[in-house]
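I opened this notebook to keep track of what I looked up in one protein model. Each entry takes up one topic.

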Amino acid sequence: MMMESDNSRDKGYTFTYTEFDDIRPLHDSEVKESIELLLNDKMFKAVIEPVVAPITWDEFSKQMRELNSIYEFQKKVIYNLILKFIKNNVDELELLNPREIDLHKSHTYISNHRDIILDAGLLNISLEEQGYQTTEIAIGDNLLIYPWITTIVRLNKSFIVKRNIPVRQILEASQHLSKYMHKTISDKKQSIWIAQREGRAKDSNDRTQASMLKMLTLADRKDPIKSLKALNIVPLSISYEYDPCDFLKAQEFQLKRDIEDYKKSKQDDLINMMTGIQGYKGNIYFRVCKPLNEEIDSISTNNKATLLQDVADLIDKEIFKNYEIYTINYIAYDILNNSKRFDDKYNPDEKNSFVEYVNKQVDKIEIENKDVDYLRTKIVEMYANILINHLSVQE
């Protein structure tokens with residue numbers, strides 16, 4: 001177990017974060033002031049007070065005011081809250097490292113993206129339990145719906161990815177973010193988690209965006225290969241048995257199909273966050289994949305115009321190979337393809353249970369002109385695509 005604070009881990013760290021004050025996580029020296037801001041925020045109290053019960057608000061406030069570091073905040077507040085939420089909703093949580101990579105070293109973990117909050121949260125809990133330092137977390141500013149959410153994520157070692165900005169500012173913001181990430185890896189020796197794409201893959205067809213990789217190279221635009229290698233990229237494969245947001249994702253598919261220029265509201269994002277945290281997930285596996293530097297070297301002599309897409313394909317291949325394939329993935333594949341290819345992987349009762357599960361999820365959807373068959377198919381696709389992609393990279 002780690003017992004030291006962030007500051008004690010960073011001894012010898014020389015570069016200042018001043019130029020990154022707009023996006024960086026908070027420092028230990030800012031914990032006290034930030035906690036006071038939270039405790040005086042009426043919306044924060046309204047959300048958190050029922051969650052921490054039977055502890056009273058006064059007792060919770062006293063405990064919060066005793067915290068002195070980011071590590072203490074993560075350990076005593078964030079992790080306790082997440083573990084409370086998942087207590088009856090996660091059967092098994094495992095972080096597997098089949099290649100025995102040294103997780104004490106700083107890496108940039110690039111993973112598929114299933115849950116707004118829990119992907120990075122559960123990874124960090126798993127790292128902590130195995131005695132490793134937690135990662136810093138990339139989080140889009142579109143999710144920072146209220147000031148108290150911004151304060152919490154920055155206390156939880158998150159740095160901000162600016163998305164809600166004018167087009168003319170995007171390149172400058174991307175360069176700024178890239179520089180921050182490179183300095184965090186090289187100077188602070190601090191690992192980072194970032195999703196492979198902006199937003200979750202709603203159909204579970206996980207694909208790394210070349211545009212995200214391009215952002216990573218902006219710290220050294222003249223030598224993109226060197227820039228990528230400096231980040232020590234390690235793909236991370238995340239496998240949830242059940243996705244409690246599957247019906248919300250299916251609903252979004254129909255709304256986008258039926259309503260021109262449909263966009264989720266801030267309230268929709270909050271509903272997705274809470275549904276993901278509170279819903280049943282079954283088993284969850286994280287697998288640390290093969291580091292990319294050696295592979296990046298092997299493609300460096302190819303056409304540099306396709307370099308970023310080649311690297312994206314390498315990340316996808318590693319994530320696909322390392323999926324945990326659950327019984328429901330085999331069932332979904334056969335239902336989607338009207339086949340019996342994997343009928344030896346499940347029995348009729350298991351298939352009936354999955355069909356019943358899908359129907360119950362569809363029943364939760366309340367929208368006009370509800371297309372039940374379409375919604376049912378979209379949910380089945382989410383669970384089938386995981387196996388389809390896994391099969392596509394089998395050697």
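The entries below go from the core to a pocket, then to salt bridges and backbone angles.

**Ground rules.** I am working with a predicted model, in which local features need pLDDT of at least 70 and side-chain atom pairs count only at pLDDT 80 or more, while totals for chains, interfaces and linings use all residues. Residues are numbered from 1 along each chain as its sequence is written, and side-chain values use heavy atoms, with hydrogens and water left out.

Buried stands for under 20% relative accessible area, exposed for over 50%, and partly exposed for what lies in between (1.4 Å probe, protein chains only). This core has 122 residues, and Phe44, Met64 and Leu216 have the most contacts inside it. Helix α5 (residues 70-86) gives the most to this core, with 9 residues; helices (H or I, at least four residues) and strands (E, at least two) are DSSP runs, numbered from the N terminus. I then asked which residues Phe44 touches, contact meaning heavy atoms within 4.5 Å. Leaving aside neighbours within four places in sequence, Phe44 is in contact with Leu38, Leu39, Trp57, Phe60, Met64, Trp148 and Ile152.

Rolling a probe the size of a water molecule over the atoms shows where empty space is left. On a 1 Å grid over the protein atoms alone, a pocket is an open set of points where a 1.4 Å probe fits, with protein on both sides within 12 Å along at least five of seven lines, and lining residues have an atom within 4 Å of a point. I noted that the second largest pocket has a volume of about 290 Å³, a volume being the space filled by probe spheres set on the points, which are joined across faces, edges and corners. Of its 15 lining residues, Ile55, Phe60, Gln63, Lys76 and Asn80 are the closest to the centre. The helix that gives the most to this lining is α5, with 6 residues.

**Salt bridges.** I searched the whole structure for salt bridges (a side-chain nitrogen of Lys or Arg within 4 Å of a carboxyl oxygen of Asp or Glu), and the search finds 23. In the pair of Glu128 and Lys75, the closest N and O atoms are 2.9 Å apart. Glu128 lies in helix α6 (residues 118-129) and Lys75 in helix α5, so this pair ties together parts that are 53 residues apart in sequence. Glu128 is buried at 1% relative accessible area, whereas Lys75 is partly exposed at 32%. A salt bridge also joins Lys229 to Asp297, again with 2.9 Å between the closest N and O atoms. I also found Glu252, Lys256, Lys264 and Asp269 linked in a network of salt bridges.

**Backbone.** Most residues other than glycine have a negative phi, and most peptide bonds are trans. Against that background I wrote down the cis peptide bond between Ala53 and Pro54, with omega about 15 degrees; Pro54 is in the loop between α3 and α4. Ser204, although not a glycine, has a positive phi of about 65 degrees, and Ser204 is buried at 5% relative accessibility. Asn369 likewise is not a glycine and has a positive phi, of about 55 degrees, but Asn369 is exposed at 67%.

Terms used
Core = buried A, V, L, I, M, F, W, Y, C linked by side-chain atoms within 4.5 Å.
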